[in-house]
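Hi there,

Here is the structure I promised to pass on to you. Have a look at it first, and my notes come after it.

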Amino acid sequence: MDNSTISVVFADPTHAHYAPRICELIYESALQRGTGIAKRSPEYIAAKMTGGKAVVALDGEKLVGFSYIECWGHGDFVATSGLIVDPEYRHMGLAEQIKRRTFELARRRFPYAKLFSITTSLPVMKLNSRMGYVPVTFSELTEDEEFWQGCQGCCNYDILQRNHRRMCLCTGMLYDPAKEPPRKQSRLAPYKMFFRNKVKKLFHLK
């Protein structure tokens with residue numbers, strides 16, 4: 001299948017009607033993986049789209065992928081969650097497109113926040129790693145009680161409780177913008193600087 005017809009865009013209120021289908025895909029994904037995923041209601045998903053905190057992948061008018069962001073800890077943390085792709089559209093690189101678009105959305109809206117993700121999916125972990133996320137313990141993630149209450153719909157919630165929220169089957173991953181590696185300087189940069197200095201000297205500029 002060709003993914004050239006698929007668009008990955010920031011969601012808005014016009015996409016809210018896809019919420020029930022998104023919930024179906026999230027549930028189906030949880031059953032297939034057998035590892036659990038926090039349940040979300042259509043109202044919750046619709047609110048993410050109307051609030052400009054989600055990304056949708058569309059093949060024409062057909063919803064084929066989704067992800068969203070949520071702010072926690074008074075803006076100190078942002079979670080990227082709910083990444084799903086329609087089974088018919090998997091193995092096309094679409095998950096990475098959605099993930100990168102969601103990452104872009106989070107960085108635009110919350111440029112100073114730490115971005116985190118908890119997942120049981122190895123492909124998602126690999127995607128996160130390529131984007132600069134590193135594995136961390138749950139203690140390095142948000143302490144916001146509302147976030148952890150959202151895990152109650154997961155079939156593994158009892159594991160999280162038994163371990164006093166220190167660990168579960170999910171892996172926590174964190175992207176800290178404060179630790180972002182410096183951009184590699186162009187090889188031409190020294191020559192550009194030399195030329196600018198010459199021009200300034202020529203015209204007696206400070």
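First, the ground rules. This is a predicted model, in which local features need pLDDT of at least 70 and side-chain atom pairs count only at pLDDT 80 or more, while totals for chains, interfaces and linings use all residues. Residues are numbered from 1 along each chain as its sequence is written, and side-chain values use heavy atoms, with hydrogens and water left out.

**Helix H2**

Helices (H or I, at least four residues) and strands (E, at least two) are DSSP runs, numbered from the N terminus. Helix H2 covers residues 42-50, and Ile45, Ala46, Lys48 and Met49 are buried in it. Buried here means under 20% relative accessible area, exposed means over 50%, and partly exposed is in between (1.4 Å probe, protein chains only). Looking down the axis of H2, the buried residues fall within an arc of 155 degrees, so they line one face of the helix. That arc is taken from the directions from the helix axis to the C-beta atoms. After H2 comes Gly52, which has a positive phi, near 70 degrees.

**Salt bridges**

The structure holds twelve salt bridges, each being a side-chain nitrogen of Lys or Arg within 4 Å of a carboxyl oxygen of Asp or Glu.

- Glu70 pairs with Lys53, with the closest N and O atoms 3.7 Å apart. Glu70 sits in strand S3 (residues 62-72) and Lys53 in the loop between H2 and strand S2 (54-59), so the pair ties together parts that are 17 residues apart in sequence. Glu70 is buried, at a relative accessible area of 13%.
- Arg100 pairs with Glu96, and here the closest N and O atoms are 3.0 Å apart. The two are four residues apart in helix H3 (residues 94-109), separated by about one helical turn. Arg100 is partly exposed at 38% relative accessibility, and Glu96 is partly exposed at 24%.
- Arg165 pairs with Glu145, the closest N and O atoms being 3.1 Å apart. This pair links distant parts of the chain, 20 residues apart: Arg165 is in the loop between helix H6 (157-162) and strand S7 (171-175), and Glu145 is in helix H5 (residues 145-149). Arg165 is partly exposed at 26% relative accessibility, as is Glu145, with a relative accessible area of 45%.

Finally, salt bridges that share partners join Arg21, Glu24, Glu28 and Asp86 into one network.

Best wishes
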